[in-house]
Amino acid sequence: MTKALKINKNSEQGVLEVLKFLLEKGKVKGVFTLKKIGKDGAVAYSLITKSDELKDAVPFYPLMPVNAGKLLSRFTLRGSTTDPVIAVVRPCELRAFIELVKRDQGSLDNIFFISSTCGGVYPLKMAADKKIEENLSKYWDAVSKGEILTDLRSACKGCEEFIPYTSDMTVDLIAKNDIDKQCVILLNNEKAEKLVEDIKGGFLARELDKGKLDKFCGKREAEKKKLFNEIEAKVKGLDGFIDIFGKCIGCHGCSKVCPICYCKLCEFESPDSEYKPSNYETDLEKRGGLRVPPGITYFQIGRLDHVTISCVGCGACEDVCPVDIPLSSIYKKVGESVQKLFDYVPGKDVEEEIPLLTFEKEELSEFED
Amino acid sequence: MEMKIGVYICECGPNIADKVDIAKVINAVSSIDGVVVAERYKLLCSAEGKRFLKEEIKKHALTHLVVAACSPKQHEQTFMEVCEKAGINPYLFQLANIREQCAWITEDKDEATEKAIRLTRAAIKRVCHHSPLEKKELECNTDVLVIGGGIAGIETSLQLASPDRKIYLVEKSSSLGGLLTNFDKTFPSMQSGSKSIQEKIQTVNNNANIEVFTNSEVEEILGFFGNFEVKVKKRDEEQSTAEFNVGAVVLATGSTLFDPMQTPQYGYGDLDNIITSLEFENMNSSGKITLKNGKTPNSVAIIHCVGRDKTGYCSEICCMYSLKFVRYLKDKISNVKVSNFYSDLCIPGKTYQKFYDQTKGKHVDFIRSTDIKITKNGDKLNIEYKDENGSKNNLVVDMAILTPAMEPTSDTSRLTEVAGVSLGDGGFFAEEHQKLSPVSTTTEGVYIAGCAQGPKNISDTLDQANAVTGKILSSLIPGRKIEPEVKISQISESFCIGCKTCINVCSYGAITFDEARKISVVNEAICRGCGNCVAACPSGAATLKHFTFNQIYKELMEAVQ
Amino acid sequence: MNEKEGYLDVLVIGAGIAGIEASSLLSNSGRKVHLIEKTSYTGGNVIKFEEVFSNMECSTCMVAPRQQELLQDKNINLLTLAEVEDVKGSFGNFTVKIRKKARYVDLQNCIGCNACFDPCPVSLKNEFEEGLSERKAIYVPCAGALPNVPMIDTENCIRFKGKECKACQEACAFEAIDFNQKDEQLELKIGAIIAATGSDTFDPKQTPEYGYGKIDDVYTAFEFERLYASNGPTEGNINLKNGKAPKSVAIIHCVGRDQKGYCSAVCCMYSLKFNHYLKSKIPDIKIKEFYTDLCIPGKSHQKFYEKMKETGTDLIRVNEIGVEKQGQGITVKYSVGNKKGNLPVDMVILATSIEPRDDTPELAKVLGVSLDEYGFFKEENPDASSVTTSKPGVLIAGCAQGPKNIQNSVSQANAAVGKILSLSKKR
Amino acid sequence: MSKSEGNSKNKCAIISSKLDTNEVIIDFLKKAMDKGIFDAVLMPLKVPAGDSFAYVLIKDKTLLKDGVPLSPIMSVQGAKAVSSVTRLGKAKMKIAAVMRPCEIRGTNELSKLGQTNLENITLISMDCPGVLPMSDFLIDPEKNIRIFNEAMQKGDDTIMRPVCQICDKSSMVAGDLHIGIRGAKKDTFFMISNSQKGNDVLDKLGIDLKGDINSWQAKVKNIADEKHKKREKHLKELKSKTGGLDNLADTFSQCINCHNCMRVCPVCYCRLCYFDSDKVKHPSEDYLKMAERKGSIRFLPDTILFQMGRMLHMSLSCVSCGACEDACPMSIPVAQIFSMIADETQGLFDYVSGRNIEEPIPLITYKEDELHDVEDAND
């Protein structure tokens, strides 16, 4: 039984109280969480150092403007933070950050993580159309009932990794019918316990309700199957690929927001992949017409090749695509098939080596003899 | 390799010690990681000071050095030499200026100390990000290109030419000699002008070390001091171009006369017997001074300052050669009456007033006048003018000689593009500094001599020709190596997209465009590290050694903590 | 000594702007230079000006870096308080005797903190400041002089007149003052000599009609320059003897021109510069300039004149002119053509002609070169470049050869070097 | 309306044809390819899946029939297409690029910046009815193609993108040839040449060039004037809403810093944008210090820095083609804001981006004796 905190407030207020406590007691120097910004209610990740700024914080707001893992990597790229910081992140964001740490793009030192059993988020389009506020109650209602809302992002609807593996604290949300009255925060390790040891109200023993969560997981799995079948129908062979990416306008937004795409200069934007006049000439000899600028499908397949071993299925790519290509289903499906080969779950454990990127001396001995 | 920084704070006698609490600065900087020693010293720039620094570097096996003392302009070079002698790369060193920028300008001691601490800490944070840079050397070409075959070009070529220094003398017209060939005599000595220039042309022609190009124009000059690549287009039948390398370029293109047609009030071009000074020199050299109708004039007017209001400057020599014209007229025509219409007599220097005093006399008068207008009066000329008290007056004469202002030659602006120099006052070539470097230009290795730099007399022209010789012989020495700037810019090949914005702002022509790879490339020998390209490059592909973003960012953030 | 080229060292006499430029160019070419200067400081006349025409650049900012380089240049051996006593030999092979007076202050140790000035009991008129301010027996001519090391004036120091006084030595924290320094006699092997001894200005006492020396507030150009100088006697404030600022000023050109017989080329330009000086300190001051012929040749100078005229100064061309006392103030009496006029003013500035230094004849004899009829060094051929003299190996540069502006002095300094470097190749 | 349009030097022909605009253009291109005037044609084609359009470099004449010069959407800005073909060297074949006026201007601007080599390229423009917003089109591509064509016939621009509705340069501005539909009688089209290259093409095609284009010019002028008034009104309103740092911050408060707008913009040609480079990546203690100064900062604190930085870099070259607004996932009116700024900055130098190849881009072109009047002022 892990220790847990119980606060008689709704889950968001409960977490905010803990964050306020940590800031005021100087246990942490800064808090990473979603916050309301500007007069027309935009929500964005913020780094908060003064406790009274927490009044606008909305930690579990159902929107992922950008993958927090990518932000934490940027925060610690130039060296780990010496002052302790706590971040409220979703499981896929935490996994994305860990995947980046494995690739020397950040450091976990002095960063505490509060995550939750993730109920998924609405698509960016809904925020753009300012329709999230009116769907908030519907969202929390579905979460507490352990149901899946149809207008969530497809990546979230089919997401089975909704329980965080390595967060210091986990807020129990899914299928917890009293989340608007009671906030339960599980303290997964001594670090977490030590952090909140002198908070008022003692600890109690609490576990995630395996049964309810497994049932919920089944629903997510069904949704995932549905999405994968849709994609399979649409994308048959290379021609299917060309058709699905026909609409792509080459804005590379999907690679910009993807946490795993961290290259300073993407190979598909560098001089080596640029078409020279001679290439145009030879291509036009072979085929009557050539799409210009070339390399739309080449970029998508190339990115798939670079990213899928570590793709955490966070769905940021589909969210940002201006032509609504079902990218997250494609990358999740290809990602899973690649990761299954090595039964590797990206970002599950920072010590676990990334397959394909790490070479073991005696690795392929069975093929050699 | 672990970083070991030594920080030394100079008292500079009373200058810093009185105003900054050095002990406080020392313990404020000793705690920074990487700093292994922080000490003070009486006078670091003195001989003992330098010896002390050298021993300290060796004793603590320092990898980086920070000195907090005076302005880099003063002793950065001194301390870099100390680093070199002590065996560490001179660029792993930073000088914090806590004298001119702190002690000398801050009244309150605490404030001065606080500022000294910030400046020193900032220097330390910067030095951690310095990377070692190596000095480079280049073999220099000692030949010289002289543009313009007048007296200035000829004198420079004769002074410079020697077996180990070839001179290329390029003249636009078909023969050498320039304006001087037309002058029978020159002031103040009244010795023969054209004779002396012909002798000089002879010595140039049979000097094996001078290659003369007539009817030719310099088309292109690329490169830098010590290694210019020159293209000269010959306007002969085959229109061939010659290409050669030189170490320095001398602009000796002289000047031309203002065209009096632009000032119609003088009637030049539509009334007879109104001639310019050059036409009069040729007439005098041909032996007889006659009117259009062949008769000899017995009254001549010399009009000074023709075109001066248009050009906006006094051309210095017109008053003097007008006096010479009076003597020409006196020799050739007995009892000729000469009247000079002038505004201000410009006869500076020790020998000129005497020349004027000896020219005055019978039948020679000097009329101070303004608003001169020349009209027809039968077959004579009527000079209308306003005299000293402003009342209108006129004088009838047979002939009028105009002294037009001196102007830059027609191809001056073209040559500024070719030689990479700029135009100054009056449209002449701009000297680097009006007082201290009158014969050099802002482009190192390109010099100016004679009237190309501004109107002047023959002896000043020859002075400038010898001055250019002095400058070149003292810097372009056979065997001497040129040390190009080390802190130069570099453009990342993968990030550059070839938009050429950097090439537009580079004032030294140091960036060329690689057509094949469509990227801009910095010529390391010419780049002077001014940083224009780094500021202009939209994507940050250009970076400047020793002033990288990181170094400046760290320094700044530490200073404003 | 290498036979073909002879001795390579060069002797430069005079550390004014021409001497400095010649020395640094020679050092740049690898030659060793012995730069001897009669006074205790470098910079000559140029450092007396606050600003120079025509871009009104501050003259110390212009010259100080060059002086600094000179002091740090290993190829240049600067000998202050030194004069040439005897010269023997010919081009490439001169033997020169130099007498160097003692400075009594150690150049290495002294850091120019000026602590030794106050205790000195002696006080007398400072020649550098044209007598407008006082100096001690141990002194530096002006703040910012380089080398920034004082000298002891043995004529006036009471210790050198037998009295027991160590005031300055006790005040020095760096043991820089050493009374036992002796005058020295040096002998140098020299290849070529450049005389760049500069010039003096005409003493207007010789023309009483200007009332100089008799009437207060009649200043020579150099005195006015020092009045305006920020490191000068009045730190740049232009005041009359009675301490008040002048409301009207007359600037008289060509003072001494008739006596000298030539136009000194620069007085018109520096008189126009004085307008900028006066207007910058006293904006609504009335200025009248009396001239005979405005001599502003060259591409940049007329522009300077026109910009000055816009500030409202008017110029009057006069035949004769005189300055007389008028009760408390001064009046300028002048005649234009046949009309007479007089103008009451508070201050008069006399633009005095340039003339040779008084020790020029003596130096000429030592160097074996002749003077021209005006007392300047005589150039070999007035039509050619005027830096060579009739004696090969002895060259002249700057106002020592005749009145000229800074630009032409610098050109002549470079030209002299050009001649030495190119001639020694062909010897 | 550029000056070259009005002068009589240009040759013009009136073509009568029953076909619609697209077919007339394709027929013209086909004839030109037959005559060997062009080896290839660059114009939009429907993508295989039929749900979008893309620029295709067509060499095989049979593919021409699928071309849709007046496509309902601008998926890729034409200037970017031409640049990708010719940036690394002039095209090896003679190409006719059929594009909208703002794409032609973008191409000219890019050629001034060394990103396009126009040798062997003939720029053909046409009177542009505007394009549909990308997000609207994608809801139902088939239906929207029909709606677009009807609106185009009627000249109704209310369904087009906001920047197209206020575009006052929607006819011939630059380029070599222009196909005019405005002010034409039924079943007739104007074929106007705007350069020597254009004249040669028409001569070789033997099209008699004595048509009178006054009716076209008049129609184009009054459309342009009307749109200009609409533009000024619209942008003035926008300025009151988004002017000032706070308003601007609020307008971009939803921006997620995905830089789509920069990537699709024709005049943002840098390979690595300054705002993606190391220069904006700071150590954690500096971010914490920034946060402490304000109590809380948006993370990443780069949105306004990027937007204003991009404005600073490219507003003088902006052709207000609207590509950025199409690509913005958060539906921020980026194109309208950047058009507002571009009108003002270009107005300062009375410069129109891409109007004429010889016209240097202000500020990045330095002339030796450029600022004498200012220099002397304070000399």
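Modeller: Two residues are taken to be in contact if their C-beta atoms, placed from the backbone, lie within 7 Å. The model under discussion is a predicted one.

Colleague: How many residues of chain B are in contact with chain D?
Modeller: The contact is counted from both sides, and chain D contributes 19 residues to it. By class, the side of chain B that touches chain D has seven nonpolar, six polar and two charged residues. The number of residues that chain B contributes is 15.

Colleague: Which element of chain B gives the most to the side that touches chain D?
Modeller: Two elements of chain B give two or more residues to this side, namely helix 16 (549-559) and helix 14 (501-505). The greatest contribution is three residues. The element that provides them is helix 14 of chain B.

Colleague: Which two chains have the most contacts among the pairs that touch?
Modeller: Four pairs of chains touch. Chain A and chain C are not one of them, as their nearest C-alpha atoms are 43 Å apart. Chain C and chain D do not touch either, with 8 Å between their nearest C-alpha atoms. The pair with the most contacts is chains A and D.

Colleague: Which helix gives the largest share of the side of chain D that touches chain A?
Modeller: The contact involves 63 residues of chain A and 60 residues of chain D. On the side of chain D there are 33 nonpolar, 14 polar and 13 charged residues. The largest share is six residues, and these come from helix 12 (residues 284-294) of chain D.

Colleague: Which residue of chain D stands opposite A:R291?
Modeller: Strand 9 (residues 289-291) of chain A and strand 3 (residues 53-58) of chain D run antiparallel and are joined by three bridges. The residue opposite A:R291 lies in strand 3 of chain D. That residue is D:V56.

Colleague: Which helix gives the largest share of the side of domain 1 of chain D that touches domain 2 of chain D?
Modeller: Chain D is assigned domain 1 (9-230) and domain 2 (235-348), and their C-alpha centres lie 30 Å apart. In the contact between them, 18 residues of domain 1 of chain D meet 16 residues of domain 2 of chain D. On the domain 1 side, helix 3 (78-86), helix 4 (101-112) and helix 7 (162-165) of chain D each give two or more residues. The largest share, six residues, comes from helix 4 of chain D.

Colleague: What is the radius of gyration of chain C?
Modeller: The secondary structure of chain C consists of nine helices and 24 strands, and 51% of its residues are buried. A compact globule of 427 residues would have a radius of gyration near 22 Å, so the value for chain C agrees with that expectation. The radius of gyration of chain C is 23 Å.

Colleague: Is A:A175 buried or exposed?
Modeller: A:A175 lies in the loop between strand 6 (169-171) and strand 7 (183-187) of chain A. Beyond its neighbours within four places in sequence, A:A175 is in contact with residues including A:G146, A:D209 and A:F216. A residue needs 20 or more other C-beta atoms within 10 Å to be buried. A:A175 has 20 C-beta neighbours inside 10 Å, and therefore counts as buried.

Terms used
Residues numbered from 1 in each chain as written. Chains lettered and ligands numbered in written order. Predicted model: local features only at pLDDT ≥ 70, side-chain atom pairs only at ≥ 80, totals over all residues. Helix = DSSP H or I, 4+ residues; strand = E, 2+ residues; numbered from the N terminus. Rg over C-alpha atoms; globule rule 2.2 N^0.38 Å. Buried ≥ 20, exposed ≤ 12 C-beta atoms within 10 Å, placed from the backbone. Nonpolar A, V, L, I, M, F, W, Y, C, P; charged D, E, K, R; others polar. Domains from an automatic or database assignment. Pairing = 2+ DSSP bridges.
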